[in-house]
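Let's take a walk through this structure together. Have a look at it first, and then we'll go part by part.

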Amino acid sequence: MVQSVETTPFSEDDAMQAGSMMAGLPPLLLGTYTPKIDAKGRMALPAKFRSQLGSGMVMARGQERCVYLLPQSEFRRIALQIQRTSMGNKAARDYLRVFLSGAVDQEPDKQGRVLVPQMLRDYANLESDIVVIGVGIRAEIWNKQAWEDYLAEKEQGYSDIADDVLPAVEF
């Protein structure tokens, strides 16, 4: 005997409710893009990132010689979190100085381009060929060759470290 199972379609109300639950969450930036930096130091933001980053964003020195690109609200949240660390903590003071002194507010122009300041281009060795990757709440801008080298080195151990990094996540 075959039993029929009645399914309820996903309604418009369900979709709106799911969307409103997601509304309070930070953006989820994903993917790998290869825009160019022009002679004036501008790069076109990947189209998928434009609405997620909003009109105000911050560029800052990142780890491993990349440039972080964050929505202004996320940058503020991170900066406040670092500042809450005890002022007696020398490592926190040092990190905050380097992080904030290299940060700049940016607003995309009408074509969706942002200026990557010379100091950040020098820091990350950004030339014409770059890679922009989505890393959850932030994007990272990499020198293309540096990203390819980093990825080749890290992909080898990617599956090996999964159990350590994702112990409670089930796929």
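## Contacts and overall make-up

Among contacts in the chain (heavy atoms within 4.5 Å) between residues at least 6 apart in sequence, 60% join residues at least 24 apart. The chain has 171 residues, and 30% of them count as buried, where buried means under 20% relative accessible area, exposed means over 50% and partly exposed lies in between, using a 1.4 Å probe and protein chains only. Its secondary structure comes to seven helices and eight strands. These elements are DSSP runs, numbered from the N terminus: H or I of at least four residues for helices, E of at least two for strands.

Residues are numbered from 1 along each chain as its sequence is written, and side-chain values use heavy atoms, with hydrogens and water left out.

The predictor's confidence in each residue, pLDDT, runs from 0 to 100. Its mean over the chain is 83, and 81% of the residues reach 70 or more. Helix H1 (residues 12-23) has the lowest confidence, with a mean of 43, whereas H5 has the highest, at 98. Over residues 1-21 pLDDT stays under 50, and the model has two contacts beyond four places in sequence for them. Where pLDDT is low, the predicted coordinates should not be read in detail.

## The nonpolar cores

A nonpolar core is a set of buried Ala, Val, Leu, Ile, Met, Phe, Trp, Tyr and Cys residues joined through side-chain atoms within 4.5 Å. The largest one here has 21 residues, and Met43, Met59, Leu126 and Ile141 have the most contacts inside it. Two or more residues each come from helix H2 (47-53), strand S3 (57-61), strand S4 (67-71), helix H5 (118-124), strand S7 (130-135) and strand S8 (138-143). H5 gives the largest share, three residues. Apart from this core lies another, of 14 residues, including Ala60, Tyr68, Ile82 and Trp142.

What does Ile141 touch, leaving aside neighbours within four places in sequence? Its contacts are Met43, Met59, Cys66, Val67, Leu126, Ile130, Val131 and Val132.

## The largest pocket

A pocket is found on a 1 Å grid over the protein atoms alone: it is an open set of points where a 1.4 Å probe fits, with protein on both sides within 12 Å along at least five of seven lines, and lining residues have an atom within 4 Å of a point. The largest pocket holds about 400 Å³ of space, a volume filled by probe spheres set on grid points that are joined across faces, edges and corners.

There are 15 lining residues, and Ile133, Val135, Trp147, Tyr150 and Leu151 are the closest to the centre. S7, S8 and helix H6 (144-158) each give two or more residues to the lining, with H6 giving the most, six.

## A few residues to look up

Glu64 sits in the loop between S3 and S4, and it has a positive phi of about 55 degrees although it isn't a glycine. Its relative accessible area is 52%, so Glu64 is exposed. Arg65 belongs to the loop between S3 and S4 too, with a positive phi of about 60 degrees, and isn't a glycine either.

Not counting residues up to four places away in sequence, Glu74 touches Pro26 and Ile137.

Conventions:
Predicted model: local features only at pLDDT ≥ 70, side-chain atom pairs only at ≥ 80, totals over all residues.
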